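This report walks through a protein model part by part. Please look over the sequence and the structure before reading on.

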Protein chains: 4
Amino acid sequence: MSDHSDAMQACLDACLHCYRTCLGMLSGHCLETGGRHVEPEHVRLMLACAEACRASAQMMLIGSPVHRHQCGACAEICAACARSCEAVGGMESCVAACRACERECRAMAA
Amino acid sequence: MSDHSDAMQACLDACLHCYRTCLGMLSGHCLETGGRHVEPEHVRLMLACAEACRASAQMMLIGSPVHRHQCGACAEICAACARSCEAVGGMESCVAACRACERECRAMAA
Amino acid sequence: MSDHSDAMQACLDACLHCYRTCLGMLSGHCLETGGRHVEPEHVRLMLACAEACRASAQMMLIGSPVHRHQCGACAEICAACARSCEAVGGMESCVAACRACERECRAMAA
Amino acid sequence: MSDHSDAMQACLDACLHCYRTCLGMLSGHCLETGGRHVEPEHVRLMLACAEACRASAQMMLIGSPVHRHQCGACAEICAACARSCEAVGGMESCVAACRACERECRAMAA
């Protein structure tokens, strides 16, 4: 039980960190920088990733076992966002947050 | 392309309808009725289902292809919520909304 | 009581319509059009307006009397988004949705 | 500018802490304890407060100046939730989180 709680706490922290990083970087960095940073698919992925992380955090706080389905989806979306951020370049903090969240979410979804 | 848009529109409508039904029934019916309607796992599922539907709607509005991962998770969570509502009883509108949303989300996720 | 419910239903509908319009137009129109449509303050307002409407809808569905504070904030944010959309131009559906939501939310907040 | 950013960071932290505390306590404490803890108006306020804090955090991350309207609404809702938690009793962590968030949000709204 406490192992479970520790793992969920780590995943919750990773989701909220990735949420803050993606949404904050989109507004504070991508919109200001322009060019490839506002390419529609990249902006959409950043917004979708922020939402996936936020929904995963919400469901872990609610504490229903169905959060594992949400975490499974979140892992895939974080992986896609990390790839988009790598392709755009200069978004290392976002790549790191997405990769960390992907890892924690895969563990919760298993 | 327009077929795709029609299917997404139907799924978006189903998600927002299920979101409204689950959250509205939880507050206006389950909390007032008490007893089995406020059994923790049932309340958690109703809240988790509302959130899953809301996140799916958000991602379809954003329009990133990753919405299919979210819709896949949403289908599973709607199925679980429908079963919980059937077990509690007297929640036909919620069962119907969850089943309809599950069906549309499975089609989007495929 | 039923008057109250009718007014809340109208406000809930207006909020969800404005939410869908703002987020859908941002992704499907502004990001594709570029130029003034992706000017940072405009994109931020569109995203903030979608979130304000979404939170107002959530609180009306929850049914707590504190939703009137949220509706009051939403009215101000919708008004600001409508002005930004008018300044950018070619966003009539968004202006109309924001103005309608502003009006319903002011009535709920009063 | 850096003072502004420091204040917003403190408010963002307070909002996300209050969000986690209210939603986590509702599910992990109130639903399990029952009795006064699941009285409809209390549950609704806990859910509404979690949503207000979440929307405020979202708008500060987006970075639009309209976040001050959302923070003003959030302060009122946090104050109402703190009073409800005090009346129910045994919810000191929730009262503290709501009071802290109310204070930071009033400063942002000013």
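## His42 of chain B

His42(B) touches Cys30(B), Arg36(B), His37(B), Ser84(B), Cys85(B), Val88(B) and Met91(B), leaving aside residues up to four places away in sequence; contact here means heavy atoms within 4.5 Å. With Ser84(B), the side chain of His42(B) also makes a polar contact of 2.8 Å. A polar contact is a pair of N or O atoms within 3.5 Å; within protein, one must be able to donate a hydrogen and the other to accept it, and residues adjacent in sequence count only if both atoms are side-chain atoms.

His42(B) is part of helix H2 (residues 40-62) of chain B. Helices (H or I, at least four residues) are DSSP runs numbered from the N terminus. The relative accessible area of His42(B) is 1%, so His42(B) is buried; buried means under 20% relative accessible area, exposed over 50%, and partly exposed in between (1.4 Å probe, protein chains only).

## Basis of the model

This is a predicted model, in which local features need pLDDT of at least 70 and side-chain atom pairs count only at pLDDT 80 or more, while totals for chains, interfaces and linings use all residues. Residues are numbered from 1 along each chain as its sequence is written, chains are lettered from A and ligands numbered from 1 in the order in which they are written, and side-chain values use heavy atoms, with hydrogens and water left out.

## Salt bridges

Over all chains, the structure holds 36 salt bridges. A salt bridge is a side-chain nitrogen of Lys or Arg within 4 Å of a carboxyl oxygen of Asp or Glu. In chain B, Arg54(B) forms one with Glu51(B), and the closest N and O atoms are 4.0 Å apart. Arg54(B) and Glu51(B) are three residues apart in helix H2 of chain B, so about one helical turn separates them. Arg54(B) is buried, at a relative accessible area of 3%, and Glu51(B) is buried at 2% relative accessibility. In chain C, Arg54(C) and Glu51(C) are joined by a salt bridge of 4.0 Å, N to O. Both residues lie in helix H2 (residues 40-62) of chain C, three residues apart, about one turn of the helix, and both Arg54(C) and Glu51(C) are buried.

Another salt bridge joins Arg106(D) and Glu102(D), at 2.9 Å from N to O. Helix H4 (residues 92-109) of chain D holds both Arg106(D) and Glu102(D), four residues apart, about one turn of the helix. Arg106(D) is partly exposed, with a relative accessible area of 36%, whereas Glu102(D) is buried at 13%. In chain A, salt bridges that share partners link Glu76(A), Glu86(A), Arg99(A), Glu102(A) and Arg106(A) into one network.

## Chains A and B

Chain B can be laid on chain A with an RMSD of 0.0 Å by a turn of 180° and a shift of 0.0 Å along the axis. The two copies are therefore related as by a two-fold rotation axis. The superposition is by least squares on the C-alpha atoms of residues with pLDDT of at least 70 in both. Of the interface residues of chain B, 100% are also interface residues in chain A, so the copies meet through the same surface.

The contact takes 22 residues from chain B and 22 residues from chain A. About 1,700 Å² is buried between chain B and chain A, and carbon and sulfur atoms give 73% of that area. Buried area is the accessible area (1.4 Å probe) that two parts lose on being put together, summed over both. In chain B, the residues that lose the most area to chain A are Glu51(B), Ile62(B) and His69(B), together 28% of what that side buries. Between chain B and chain A there are zero salt bridges and one residue pair in polar contact (both at pLDDT 80 or more).

## Chains C and D

How many residues does each chain bring to the contact between chain D and chain C? The contact takes 22 residues from chain D and 22 residues from chain C. The buried area between chain D and chain C is about 1,700 Å², with 73% from carbon and sulfur atoms. Zero salt bridges are counted between chain D and chain C.

Notes. Helix = DSSP H or I, 4+ residues; strand = E, 2+ residues; numbered from the N terminus.
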